[in-house]
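Please look through the sequence and the model before reading on. The note is meant for a first reading.

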Amino acid sequence: MKRLLFLLLILFSFSFSDVLAEENGLPDLPEIGEIVSGFEVIEKDNIPDYNASAVRFLHQKSGAELIFIQNDDTNLVFSVTFNTPPDSSQGIQHILEHSLLSSSEKYPGKDVFFDMIYNGYLTFINAFTSSNYTMFPVSSVSEKQFFTASDVYLDLLFNSSLLSNPNFFYREGIRYELEDEDSPLYPVGIVYNEMKQYANDIEYSAYRKTLENLFPDTPDRFDSGGKPDEILTLTYEQALEYYHNFYAPSKAKMFLYGDADYRKFLNHIDQNYFQNSEKIDQNQNPAPQQPFSQIKIANYEHPTGIGSETENQSYIELAYGVPNDISLDEIIGLKLLLNDLFNHESFPLLDTLRQKGIGAQFQFFYDSNTLQPALFFQAAYADEGKADLLRQTIEEVLQNVVKEGINTELIDSIVSHNILAAKFKPESSTKGLDLIMEMSNAWHIMNNPFYGAHQAEHIEKIASKINEGFLEDLIQKYILQNPHAVLLSAVPKPGLLEEQETNLQVKLNEKKTAMNQEEIENLIQNTKAFAEWDAIETNSETVDKIAILKVEDLPEEINDTAVDEENLDGTRILSAVSPVPDVAGVQIINDVQEIDPETLEYFNFYTAIVGRISTENYSQEKISLLSSKYLYNKSFSLNPMSIAYRTDDFRPVFRSSWFYETSESANAFDSITEMLFRSELTEDNLEIIKTIIDEQLSFCENYKKNGLQYILHQAQSIFIPSQRYSRFFTGPNLMNFLEKLKQDIETNPKSVLEKIDQSRKAVLHKKNLLILFAGPEGSKTRFDQDVKVFIANMTDNQPTDETVKPFEYPTPDKNNGLLANTKVQNIALSASTKDIIPYHAGLSVIEKILSDELLTPEIRFTGGAYGAAIQFNLSSFLVFSYNDPNLVSTLETFSKIPEALKNTGYTQKELDQHIITAYSDYTLPKGQITAVLEGIQNQLLGKTIQDQKNEYAELKSVKLEDLPILGEKLAEALQTSQITVYGFPDTIEENAELFETITDIR
């Protein structure tokens, strides 16, 4: 489970929020006390990192609140959030999130949310269920489309058709179906199937079980996403009752972001949604958890399949509950400790835990999503018998840290890294949404929205306390002397997965047996009635209201970066000036075409240990400090590089990349040089290398757990050679290599170290070396000096006239069924389009048509899967579903793709709307450095300005008469199709005739 941990460092502020607006030439903002369309200004602020001013409004009549964040960003964002604390694990919050977006009075339909996805010119649209609040954001670079999309969201939320039509609840949440008297009873629902997948994730389950035990008397013990068994007990009436309690206009917390006409926006929502609403008392905050007098020990058996590996596969969680009335300074300090210091390689905790052999991965974090803060220490792929050793070790290390004091150089390194990271926040294509998410969390959990935009200033405020033992005192108070703690072991139990599924079938059979004849007939009728309702066509009038742009309105975003190319000491360098001051980005690309796969396997492992072991000039601790202080987003990877625009031909390369502050260029290059060229491959580093092998093996286990990622990578690799190269170093082959490496390093460590060293020398050579650089005006001179020193460390292999035949990386098994620890399926079908369908940008329009007309209706709405999509590549296509309870019916839907194009019944108007939607994918906003680097890549690939214009022309030129022709070609392509299924073992084995091979990956 990925958790977003936000740390924003801003070391300066302005006194008056309007200063930023004046500098940007934006309209002045109202003063505190001023009223705009019924909204009174109650607070003003500025957010320098986003070059923004902010105003907090309170709607006088309804009590709704809105924060307007004004800057010159044309990617406008609107968001509505509600406090939605769970009172059970039935998933009401999650199901309402889905169901409310289906239809409304003003925008009736079957699923208006997807109508917007497939008919709107949007840069983002989604909804999120957090632990205690629900968020509905949408964004667009078209103000016209943005205002419409915002109105759609407001009407869906406050005038939802869900209130009168339970079918939306039955489709999105849960329903029982019975086709006839002799058929089995079975549950269906999109959220139900989504959460079945989460329930199979031991990390997610361990986290939820820990919260249940840590906060047994507060809403934090419940899973707002829903537990499958409890979702089955939820009724439509319960969902409506919850909606009326928590979704009133008076309880809305809204954000408006960007260069928007806020006065027009406020007037619209006042007149249409809030003017006639009355204030309703806010739900009272629940009482906090009474602290424990002693630590609680808990165990949890996690369901896995028969024959699954269990040794060192447990998860151990040590969590501490913290009072929810702690000070802001203490919150900042605890976040700094848990999210940064404890996870740093130079802090003694990680290394000590590894030496004890407790687990392969460790993660420490401050959980800011819960109503009451929690401090988590997690050991993954752990020995369940060492749970208490985990606790003892953590306490011993922290006791010593409190006694000796925290390394001030480490603190400096972490702060410097976050300052550098803060400079790159505006580079995000969703920077407005990112900011709103940070502020929403702070608003709902801490009732302090601007905390989410000013955490760095709070860090600056407590900086003086750090040297006075402030952090050490926090460790003592909230960890070492805190008995409100839980030590939980989540242990996999083979066979429990099948046992749970069998028990479910027994319960369903008992439920059916207990039904009388009238109830059975009613359910059969309800099943048919739902199918009839589900078959209703999309409401064309609603689509017309959403689809307000025309093809001729679409802009053309052309990247016209001026790229310089030079030869520096025999090395090709492509560079361009970036408008972002103080920071630069670098990519070093080594050609590995002539290097054999075995050598690359050793080098791939080498990339995992650089920065983790000592170098010739720096200790393990020191190089870790330098890396975090001077480098941002450093990455070392073996990946394919396209040779030219729109070709499947590629060269295998090793790519090193990082960002840095231009004033620290020498230190950044020195750190990279030490890591890549001077890491000490000696027996002094042997133990940490062994630990990293185990850690990498655990990452392979993570890879196996991600069913969607697994099938997409495998299915694409069947027809795309470059994907086979990538998969060789990330998939099952990597696990085999690591297992052998683990054995070899025990029996002959010297030989292993020599092979790693030889791989380093083979890869880091000057032949065909390519370097890309993007930096501000004047930074190139210093870069040239530092990169020369860097290049001088590379081996000087002489070019050869011989043509080296590329290695053929292995093709995955075809028509492959993967037996996994899951109760649902992830299904992919891939096929070659080479010599059948020439690739062009217009194929992305076809993706939208097929998703809208076939895949989403049949696989998601009718079948209950979480989602499905299709993707065209240069010489193949891929169609897939995920969190899918079905198999055969989904494959049957895939087979309908050609006919769906031959018989669309489309009008040109409908086709144009899909063109507009596809077009939005090509005009997503980019950060300034990102755009410059993209321009350099275009130059490298030979992608011209005319090529970019041609892409837009291809999108706009798709015609109705093209669809049946393409349908015929796809029917031909399907003759080559292969399926890859990651699913429930019983389901795959029951349909064994579909597969050429069945592989057990449990």
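1. Basis. The model is predicted: local features need pLDDT of at least 70 and side-chain atom pairs count only at pLDDT 80 or more, while totals for chains, interfaces and linings use all residues. Residues are numbered from 1 along each chain as its sequence is written, and side-chain values use heavy atoms, with hydrogens and water left out.

2. Aromatic pairs. Rings of Phe, Tyr and Trp (its six-membered ring) pair if their centres lie within 6.5 Å; planes under 30 degrees apart are stacked, over 60 edge-to-face, and the rest tilted. By this rule there are 60 aromatic pairs. One of them joins Trp658 and Phe790, a tilted pair with 6.3 Å from centre to centre and 55° between the planes. Trp658 belongs to strand 21 (residues 650–661) and Phe790 to helix 29 (residues 780–792), so this pair links distant parts of the chain, 132 residues apart. Helices (H or I, at least four residues) and strands (E, at least two) are DSSP runs, numbered from the N terminus.

3. Burial of that pair. Buried means under 20% relative accessible area, exposed over 50%, and partly exposed in between (1.4 Å probe, protein chains only). Trp658 is buried, at 1%, and Phe790 is buried, also at 1%.

4. An edge-to-face pair. The ring centres of Tyr725 and Tyr809 are 5.2 Å apart and the planes stand at 75°, so the pair counts as edge-to-face. Tyr725 is in helix 26 (residues 721–728) and Tyr809 in the loop between helix 29 and strand 23 (816–819), so the pair ties together parts 84 residues apart in sequence. Tyr725 is buried, with a relative accessible area of 0%; Tyr809 is buried, with 8%.

5. Charges over rings. A charge sits over a ring if NZ of Lys or CZ of Arg is within 6 Å of the ring centre and within 35 degrees of the ring normal. Lys465 lies over the face of Phe470, 5.3 Å from the ring centre. Lys545 lies over the face of Tyr107, at 5.7 Å.

6. A helix contact. Which residues of helix 11 meet helix 17? Among them are Leu334, Leu337 and Leu341, and the helix 17 side includes Phe470 and Leu474 (contact means heavy atoms within 4.5 Å).
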